[in-house]
Every structure is written in structure tokens, then in C-alpha cells.
Amino acid sequence: MRRLLDIGATPARQAPSDSLCALMLAAAALPGMIPASAHAVEVEQAQLSFSHYAEGGRQFVRGPAVDLKRPDDLQVDTVRGGLRFRLDDRWKLGFDFSQDTWSGATPYISAPEAFTATSTGASLYVNSASNGSISSSLVDRRTLKPLSRTSGRPAERVLNVMTSASPETRSEGRLSLGREWDEAALEVSGGLSDEPDFRSLSLGAQLRLDFNDKLTSLSIGASGTRSDIDARLGNLSDYIDYGMYRDAAHGPSIVSVAVPGADGSGLATNDVESLHWRGQRKDRSLSLALTQVLDRSTVLSAGVTYARSEGFLENPHKLVTLAFANPATAAAFDFLFTPVFSVPEKRPDSRNQLTWNLRLAKYLPSIGAAAHVEYSHARDDWGVRADTIQARWIQQFGAWRVTPRVRYYTQTAADFYQPYFLFLQRYPRDGANNLDHSRIPLDAWSSDQRLSAFGAFSYGIVVSRRLFDDLQLEIGYEHYAHAGDLKWGGGGEDGFGDFRSERFSVGLSFALDGPAPAPASGDFHGGHDHASGHAHSRHAGGDAPAGVMNAHMTGRAGDFMVAYSYVHDRQKGDMITGSRRAGDAEVLASCGQAGCPVRPAGMTMHMHMLHLMYAPTDDVSLMLMPQMMSMSMRNTALEGGFYTALGGHAHGAMDLSSHTTGRFGDTTAAVAVRVPAPARMNAHVTLGVSIPTGSVDHRMAHHGGDLMDFGMQTGSGTWDFLPSLTLTGTDGRWSWGGQLNAVLRPDRRNKSGYVLGDRFEATSWASWRAHERISLSVRGIYTAQGRVRGALRGDNAVVDALGNTSYVHALHNPADLAANTGGRYLDVGIGASVLLPGREASGDRVAIEWIAPVSEKVNGYQLERTGRLSVHWGMMF
Amino acid sequence: MRFFSSLFLVCATPLLVLPGPVLAERPALPPCAPARIDAQAPAVDLHELRGRVVLIDFWASWCAPCAHAFGFLNALQDEFGARGLTVVGISVDKDAADARRFLQRYPASFPTAIDSGGECPRAFGVKAMPSSYLVDREGRVVEVHRGFRNGDVTERRRAVMKLLDEARGGGR
Amino acid sequence: MSAFTRLAKRRMCGVACVLTLFACSGCAGVPAWERGDLARPEMALEPQPGQRALQEHVYSSREAGAAGATGQGGGCGCY
């Protein structure tokens, strides 16, 4: 074997002979480190992005009802972050998280118009039977076309019945660890995903082997996911027949769970019957991909993935219309009586899917662009065949990069998909005249439009710009259209399922790799990084505790700072009034005549905030801070509590166990100005405006839902004024600071009828540099928070004795009342911050702080506070 | 049959992990004449450096580890320049402007030239980027190093010191 | 063995053959110093991983063909 280099031995510009080829293969096993060849560029980076997705264009049929409101379209707000870095030459670590909040209406059952009806609270539903009460629709005796019960004419157009749910937030985290060898890499990863209905744990491993001077790579991957599904279906319905899954001994099972809420007469209880559909699901996949460099500017990759899923594969929030045309209907009629049932969907217990894909990337040096083309074909044993083709063009113009993209997708329907199922037979019945599920003449059924035959066409553009050497801003837009008519070869589903969607995203990524532009004379000693002891911070307040807002001030004209903050806040436990615990009786009394069925038992809030700061001069910084938040509240029944139904809406039993919200919050724009300060100190004044980009109209999910309380809204709904004064100082290893800040809300009442209270906060801290990189801090915080002015707007019309109509908010919870907001609080925080390696020159740090309540005096009746965690990561450019 | 033998080689390659890069024999420096990177830069003639220990580093602006390596190479040049070491960088960039931009961001304290045509890397049999060749005072290649990893620098520094300590005209 | 797995096996075999073929074609080679274009970030097999993740998240919750691609993460029953 030839270990010696072919120095002077390889004939120049001559195609290698076969024997030489073999030698080159052997020689490929040499320690080398080509940054990118056959496999993707591994960039060490930190990135953060926000995106907003909105659907629209769904067919909306008012049906027989005149007052049917168009449901809100589905919207999803997503925040994603990731961090990937090297631990050393060979090991690397990655962390990714994403959080998305879904709100709005989605289709949950479809049926021909003839089988639907509307109720007086203006909701469309499938006129179906349950619990022995049979409701018969009609179909034509000869053509089997559904007939309108009122006109007797065919009304076979399929309608989508939409349902609105309260927003749901899904959080996902993933940790990965990678090891590299000269000619191979292994990555193992584990992830957790959590949403109210769905919790899953996944593990995966991927091995990459490089051959052929790294011109060829083979990667082998395996992953497994285990999910626990606990779908909250809500209270019993008269129209839905859940019988087939009720208390099933095997597989997914629908069980009745006792939850806090109000019973049919409105009395508070912890025993409201709420249906939950529970089960487990396993997903496994194996993949194999080969990537080959074809020439100096072309890479081709081909792969195959096998995926198997088993267990609870149904979509718990989808129902199916089963209609049984009775052939024994008296011959005198030219129609058949057709009992209709709404049942949960039923899918096979397993699914096997194979996907092939081919990707080609070609660089065109003459125009400075790269073209990427991908094709994939997937087929499974449910009968779904899917083909996707996508093309991207990545054009570089100096610091700009523009990427237009088109994608076409087409799929065939699953064997067991139909928009509704019509059988020509008497409905199979059990002894009690209910539908006998075991004798439904099918093994599986679904009307989920994801399993229908359709096509989707999407196009989009991503524009990115390098702001600084290492910082990249990326803005993306995508338009997506789903339509039955777009199916390749025709024969797609009718238009009732068609929709379109748009997605906007904004992201920042910071490349961590590439050494900082070092001074020409090296300070390099035997492999040690220059761990600097000189932690000069270019920005004042750089080592302030994580929870202090606007503590930072850029140092020089032209400086740009990007920071990310995360805040997690918790309240849990008893209700308090003033500074003492309060019993249920007095909490209930505070709700007044209308009463409250429940009180809060726990509340959590997550907030992700991006800070963008730019210094036009040495003494002025401009700031913009968008944020995204999600909240969830858990309730417990108030002893003796009750719910007063208003406006003639009869609700029946209500599951009030918990509700969640999430969305973009308000955006703060601010200007910070340096003001004179004593020696060794810095002072700045910040004047900010909070722009009401958040929402104040999140509602309870149940029918005719009222507004959720103030704390569950993601915005204030008003333009607010945010002044603050910050003073910071340093002396040796010690630094300290103080800040006064306020939130003043001079605006008129927001569209939901209230203005949040003003807030005043005073805080001071001291921090000590325990190590050249690590600082520890302690701080005290005093907060005075004013009461909410106004009240949650009511939607329930109440007519008094004099015939005057007023609109009243139906109380669920003491937190719905303005009197139960605000107070004075004293907290203490402990924190730590770490100076980032390689970023000493700009003093960039990651800081974390835990804030614990010390004492409080609250207005009215409020839930105890537990604590708050803040994380702050700032980077200066 | 050839198909199967090359297939075997493809599959067996990862098993052939080789030991250190020190060469058993010291082959002579192949002919190679890189060009000036810009008009002001001094010309680099590898064969005129006989009598000095030379570290030839092939780099490119598109190669991230090459940038990491510059810190180490600068330190070597500063520490051992007076004792007879010359570090020579040879850029393989197609466009000299890319190489000059790279040098602005990652300044080199050693001379660097450019070979856009690829004659030098071809003659040296460069297999990876970066690749560096340690050359003794007689103009013979002693050691080849591929890639750059922080974990290797102590060893590489020692190899340079050892070669500097070799009596002039020494070797094996 | 189901018809499906038989079909899968036959296909896998075909794919393996194709892959092996173009694995070997790689002998033609691109020398290390000529890989500047290949090293460009826009030539990564997935040049926009962040955008891609957002897209796939939407596609996998709206289309049936993506099950294989989502080996990780939640099933999101929210459509």
C-alpha cells in the first residue's frame, strides 16, 4: 500500500488509470478535513427565527343559518432557536427548540349539505344520531343522492364543518451530540415534544461514512419515537357517537375523566365529565442516503427511507359521517330514510411507508448561483402515493442572497378515505337500537382531508443579507395552495377541502465558527486558546442580571447588538388577598352575584424576545424588541361556586380544567440616551413605546366563549409608554447597578374594554466576577402594579326589566375581574453570567437569573407567585 | 471483476486508518512555482529556501479550517522565524481577489503566494484542505499534515522544533 | 411476508444497485484544491436548514406523504 505521497508521481492533467483509482481510494483514508464536499456544511451557529402562518380561502357555506359567523382561519406563530457548537476538534453539541401556537378553526367533519343542520347559537353540525335517538336524513331511491329535508331536492354538495379550539402550544426540544472522525461522523440525538394532546419522546442516530477522498458519503440513520396521546374531546355531545372507543380494552380508548368545571346546572364541581381519547403510538424509521460529488460544481444525493408507525394513528379531532340508506323504506316514497351517525375516525393500526428521494445541487460560477432540484416519491400500505418536486435557485449578489423556490406536491387518497360514507343497508344496531360498531361494513374510515387525493403548489422566496461578517438576516415568504384540482392526472377531491396559506418568517443567524479576525502577531501557545483575563466590555451594563430589561447600552457609533431573552414565569398554589391566604368562600364572594365556577390553580408563561439595537451615535441607541409568548392556566373548582349563563346560551356541562393561549406579544420600540454620570459610572435614559402587536381577544374555547382574563392575553391592546433610568458602575471585580422603570398606559380602553394598570419598578444589583469568565449577581426588585381599569367586554346580551339591553361578560374565574389585579411585590434574584469564549472583545455574555418572591401585597384575590427564570444572550457587532 | 474490486476498495477504505503522517523516506520537493498574490507581495521561490526549514501550507479562502490554521502558523513563524523556520502559504483560490480578501480578514505574518492553476497542489499531491508540508533544510519533505485540529498543534510544533534542531545537512 | 415488504425489498435492491454504481463513478475525482464551489454554503445539500424545518413542519401537518421525513418530534394532531 502506498503511504508515501504521490509527490511528483501523479501525471498532471491525466485521467487516473484504474490502478491509480484504486490507490487513490486507499489514500483517501488519510487524516484530512475538507470543510464541505459530499456532505452538508456543518456550521457552528446560533439562530433564532419567528414565523407566522395563516390559512385562508376555505369554502364557507352559511347553510340554512343566516347568523352563522365565518370561523377564524387557522394561524400558527412559531419561534425556533438553535445552537450548534464544537466542544473540541471532534465533538460537537447541538440544541434546538421550537414553540408554536395554533389558533383558529379547522375542519373536523364533512358531510353533504343535506345531512347538516344549524342550531340557534349559529353553529353548523351534522344532523346525526346518538344514544338511541335516530335522526334520519334522506337520499334519492334511485340515484342515492342526498336530498334536502326541507326542499326535497338533491343537496349533495359536501360541506366542511369547522371547529374553533382555544390556542394550543406545542414545545419541542432536541439535543444532539456528534463525534467526528477523519472519514466518518456519528450523531445521536434525543428530542421531546409536548403539546396538550400529545407528548412524545424520540431518539435517533445517524452515521456518515466518507469514501473516495470525501467525494462520496454514505449516511445511515435510524430513529424511533414514542408518543402518548391524551386528546381532550371535551364534554359529552348529543351528536357524536363515541361508543366504539368508549372504555376500549385494547388500543386507543375514550374515557371519561372528572375535571373542574360547571355541571349542567352551572354548579361548580371537580367532577365534570370530560372525554379524553388516550393511546400510544410508535414511529420508527430507517434511512440510507448516498451523496456523490459528480464534478467540481455538482453534487447528487439519493436516499431511501422506510418508516413504520403503529398504535394510535387516528386524528383524534376528526369525525366521520356514516350514513345508512335503508332499502326497506316503504316503496311509496321516492327516497330512502337514511340514519346518519357522526363517529370518530378509525385507521389501520399500522402504516408502512417507503420514500425515495433524489437531490441535485449545481453551482454555476459564471452567474454566481446555485440550483437545487429535488424529487421524492413516497408510497405506503394505506394507498397513499405521493410525489414531490422542488426547485430552488440561490443567487448571490454581494452581501445579499435571494432564493426563489417552487414546489409541487401530489398525492392519491388513502384506501379508506371518503368525504362521507353512505351504505345501502339498514344501519347495524345493537339491542338498545344504537349503532353496533362491530358490524360497520368497513375496517377503517377517515374523512381527514390530508388523506384525500389532492395536489399542492407552493412558491416562495427567501432573502438573506449578511449584516456583519458573522451575522445573517433572513426573511422568507411562502404561498401554498392545496386543491383537489391540482392532483396530478386529475381525479382529486372536490373543492370543499381547498385552502391556501401564507407564511412569513424572519430569522437571524450568527456563525460561531471561523476564528475571530486575530491580530497579526500570534498569542498562540501550544494549542491553548487565548483565554483572556481582560474582560473589557464595550457596552455598559453588559454584566447586568438576565432579568433587567434595557440594562444594556451600545458603546460606539455604528455598533449593532442582537440579544435573545427567554422568560419563564410560574404561579401556583393558593389564592391570596393582601399578604395572606384566602379561602374559597371569600374568593367566591369577590365574584359577586354572578359567581365563579373555578379559580386558578396554576399559571405558566413563556416569553421569547428578540432585541435589536443599533447605535447611530456614541450616545444614542435605537432598539426594537418583538416577542412571542404562550400562557397556560389550570383551574380548580371553587367550593360552592357557580356559573351564570347569560344571553340565553345554554352551555350544558363545561370542562374548565385548563386553557392556553399564545401568539406574538407587543413590540417595544425605544431610544436610549447616555446621560452624564459620576466617574466610573454609566447612566442612560430609555424612552420606549409599546406597540400593540399582541392580541387582547383570546376567548374560552367553549361555544359562545367569553374573553379570557387579562393575564391570558398576549398584548395590552394599548399604546404604552416605557421610560427607564439605568445607572451602572464597576470597581475591580465588582460591578453594580440600579434601574427605575415604569410602564405608563395613557391610551384609551382597548378593544376588549380595559386598560392594564400602570407599573413602576425599582431594582438594584451587585455582581462579582468570581472567575475571568463568570460573574455572580444578586438583586432586589420592588414592583408596584396598578389595577386594571375598565372590565372585560361582555358579549352576552342581557335585557333588564326596563327592556334595556346590556352586554355582560360571563365570569369563569376571579382572575376575570379588574378588582383582582395589581399589587405591590418585593422579590429577590440570584444570577450568573458567562463571558462567551472568542467574544471577549465585545464582552458578549449569556446570563441566567432566578427571581423568587419575598413578600407581596395584592389587590383583591390572586394566585400565589412561585418564581421567574430569565435567560439573556447578547452579541455585539 | 474490476467493478467488484473497486467496490471492495470503496467498502474497505474506512478500515485502512493509517498511522501518523511522518514519511518513511524524505522525497525531494517537487517543482512548483506559485505566483505573487498581489503586485506588492514578494515572490516566493520554494527552491531558494534551501537551508531553512520550510512549512508549506496550502490554503483557500473557502476553507474554514484554513482560517483556524492561520493562528497557529502565525505563532510558529513568530516563534521560530529567527531560528530558521519559514512558513509559506500557497493559496489555491481560482480568484486572487478572494485570497486577498481572506488575508485582510486573517492576516498572515508569513509570505503567501497563489497558484490558481493548481500546478503546485497537483505536484504535491494535495488530498485535503488545508494541507501542510514540512520541508527540511535539504529541501526534502519530512512530514505531511492534513486538516487542522487544535488537538494536533502540540505535536506539530514539536516536529518543527525537532527539525530545527537537526544539524544542518542531517537527516537519515 | 406481505406483498408490500416484497415490493419494498425488490425496490431496495434496485436502489442499492444504482447507489453502488454512482458510488464507483466517483473515482473520476475532483481534487481537493478544486472544491471551492462545492464548499460554498449555498451548495450544502440543505442550504437553508432553518427555512426547511419550518416548511417541513407545515407540510407534514397538511400532507400524507411526509411521514417518513418526520422521524422526530410530535405528531401535532391540530389540523
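Across all chains of this predicted model, the structure holds 63 salt bridges. One of these pairs is formed in chain A, where the side chains of A:Arg174 and A:Asp96 meet at 3.7 Å, N to O. The pair links distant parts of the chain, its two residues being 78 residues apart. A:Arg174 belongs to strand S8 (residues 158–181) of chain A, and A:Asp96 to strand S3 (residues 91–112) of chain A.

In chain B, a pair of helices comes into contact. Two packed helices are described by the angle between their axes and the distance between the axes. Helix H2 (residues 64–80) of chain B and helix H5 (residues 153–165) of chain B have axes that come within 12 Å and cross at roughly 30°. Because angles under 35 degrees count as roughly parallel, H2(B) and H5(B) are roughly parallel to each other. The crossing of H2(B) past H5(B) is right-handed.

| Helix | Residues in the contact |
|---|---|
| H2(B) | B:Phe72, B:Leu76, B:Glu79, B:Phe80 |
| H5(B) | B:Val153, B:Arg156, B:Arg157, B:Val160, B:Met161, B:Leu164 |

Of the residues in the contact of H2(B) with H5(B), seven are nonpolar, none is polar and three are charged.

The mean pLDDT of chain B is 83, and 83% of its residues reach 70 or more. Over residues 1–20 of chain B, however, pLDDT stays under 50. For that stretch the model has 24 contacts beyond four places in sequence. Where pLDDT is low, the predicted coordinates should not be read in detail.

Terms used. Residues are numbered from 1 along each chain as its sequence is written. Chains are lettered from A and ligands numbered from 1 in the order in which they are written. This is a predicted model: local features need pLDDT of at least 70, side-chain atom pairs count only at pLDDT 80 or more; totals for chains, interfaces and linings use all residues. Side-chain values use heavy atoms; hydrogens and water are left out. Axes are lines fitted to C-alpha atoms, for helices over the stretch in contact, and angles run from 0 to 180 degrees between N-to-C directions. Helices (H or I, at least four residues) and strands (E, at least two) are DSSP runs, numbered from the N terminus. Angles under 35 degrees count as roughly parallel, over 145 as roughly antiparallel, 65 to 115 as roughly perpendicular and the rest as oblique. A crossing is left-handed if the near helix is turned anticlockwise from the far one by less than a right angle, and right-handed if clockwise. Contact means heavy atoms within 4.5 Å. Ala, Val, Leu, Ile, Met, Phe, Trp, Tyr, Cys and Pro count as nonpolar, Asp, Glu, Lys and Arg as charged, and the others, Gly among them, as polar. pLDDT is the predictor's confidence in each residue, from 0 to 100. A salt bridge is a side-chain nitrogen of Lys or Arg within 4 Å of a carboxyl oxygen of Asp or Glu.
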